[in-house]
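Please look over the sequence and the structure shown here before reading on.

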Amino acid sequence: MAKLVFEMMQSLDGYVDHQTIGPPGPGLSRHYVEQIKGLTGMVYGRRMYEIMCYWDEDQSDWDAEAHEFAAAWRSKRKWVVSRSLKSVGPNATLIENDIEAVLRGLKAQLAGEIEVAGPNLVGSLTDAGLIDEYRICLLPIVLGRGTPYFAGPRPPLHLAASDLIVEDVIRLTYVPA
């Protein structure tokens with residue numbers, strides 16, 4: 001049975017605004033390359049999918065690690081939850097209806113970890129009891145605004161693990177209590 005995991009970089013004040021946080025540094029970037037290689041796939045809301053589509057086409061200014069991340073990302077199955085998109089890119093499946101049933105089916109049919117990205121999507125999946133782990137990569141910055149990590153319901157959680165990813169970045173892993 002697969003596990004749905006919500007992991008994002010978060011500021012000290014609880015925000016996940018990718019435009020303000022910016023790209024990860026080299027050490028954290030290496031962490032995400034390795035993490036994505038180990039995933040069974042990813043579930044995205046429309047906005048997060050549109051952001052991540054950046055990795056679909058090589059860019060001339062990328063370094064070797066960016067190319068490695070893109071290759072790993074492209075190789076993974078993706079499920080995109082959206083009622084407004086009409087199509088999705090390579091290796092992606094559009095989920096327009098019965099989101100809860102589709103994701104329960106994926107959990108039952110697949111093994112490993114499926115990353116869920118997008119705080120708004122995660123809010124509805126939390127309500128349905130579908131998120132198995134919440135992983136916060138806590139960055140040493142304060143944003144003061146943006147999208148909160150918990151954009152929807154704030155479930156009762158239990159700390160399952162904490163580890164230092166790179167200098168100054170801690171990953172906190174929580175499971176539903």
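Which residue in S5 is the bridge partner of Ala 2? The bridge partner of Ala 2 in S5 is Gly 112. This is a predicted model, in which local features need pLDDT of at least 70 and side-chain atom pairs count only at pLDDT 80 or more, while totals for chains, interfaces and linings use all residues. Residues are numbered from 1 along each chain as its sequence is written, and side-chain values use heavy atoms, with hydrogens and water left out.

**Strand pairing**

- Helices (H or I, at least four residues) and strands (E, at least two) are DSSP runs, numbered from the N terminus.
- Two strands pair if DSSP finds at least two bridges between them.
- Strand S1 (residues 2–10) and strand S5 (residues 112–117) run parallel and are joined by five bridges.
- S5 also pairs with strand S2 (residues 41–45), in the parallel sense and over four bridges.
- Val 43 stands opposite Val 116 in S5.

**Salt bridges**

- Side chains of opposite charge can pair when their charged atoms come close.
- A salt bridge is a side-chain nitrogen of Lys or Arg within 4 Å of a carboxyl oxygen of Asp or Glu.
- The structure has 15 salt bridges.
- One of them joins the side chains of Lys 3 and Glu 113, at 3.9 Å from N to O.
- This pair links distant parts of the chain, as Lys 3 is in strand S1 and Glu 113 is in strand S5, 110 residues apart.
- Accessibility is sorted into buried (under 20% relative accessible area), exposed (over 50%) and partly exposed (in between), using a 1.4 Å probe and protein chains only.
- Lys 3 counts as partly exposed because its relative accessibility is 27%, and Glu 113 counts as partly exposed because its value is 21%.
- Arg 30 forms a salt bridge with Glu 34, with the closest N and O atoms 2.5 Å apart.
- Both Arg 30 and Glu 34 lie in helix H2 (residues 26–37), four residues apart, which is about one turn of the helix.
- Glu 34 has a relative accessible area of 42%, so Glu 34 is partly exposed.
- Arg 30 also meets the side chain of Glu 68 in a salt bridge (2.5 Å, N to O).
- Glu 68 lies in helix H4 (residues 64–75) and Arg 30 in helix H2, so this pair ties together parts that are 38 residues apart in sequence.
- Salt bridges that share partners join Lys 3, Glu 7, Glu 113, Glu 133 and Arg 135 into one network.

**Pockets**

- On a 1 Å grid over the protein atoms alone, a cavity is a set of points where a 1.4 Å probe fits but cannot get out, and a pocket is an open set with protein on both sides within 12 Å along at least five of seven lines; lining residues have an atom within 4 Å of a point.
- Grid points are joined across faces, edges and corners, and a volume is the space filled by probe spheres set on the points.
- The largest pocket holds about 850 Å³ of space.
- Its lining has 30 residues, of which Met 9, Pro 24, Met 52, Trp 55 and Phe 69 lie nearest its centre.
- H2 gives the largest share of this lining in the largest pocket, five residues.
- For residue classes, Ala, Val, Leu, Ile, Met, Phe, Trp, Tyr, Cys and Pro count as nonpolar, Asp, Glu, Lys and Arg as charged, and the others, Gly among them, as polar.
- The lining of the largest pocket has 20 nonpolar, five polar and five charged residues.
- The second largest pocket holds about 500 Å³.
- Among the 24 residues lining the second largest pocket, Gly 45, Arg 47, Gly 118, Asn 120 and Leu 121 are the closest to its centre.
- H6 gives the most to the lining of the second largest pocket, with five residues.

**Cavity**

- The count is one cavity of 30 Å³ or more.
- The largest cavity has a volume of about 30 Å³.
- Helix H6 (residues 119–127) gives the most to its lining, with four residues.
- The lining of the largest cavity has seven nonpolar, three polar and no charged residues.

**Backbone angles**

- Most residues other than glycine have a negative phi.
- Asn 91 has a positive phi, near 60°, and is found in the loop between strand S3 (77–81) and strand S4 (92–95).
- Asp 168 has a positive phi near 75° and lies in the loop between strand S7 (157–166) and strand S8 (169–176).
- Asp 168 is exposed because its relative accessible area is 51%.
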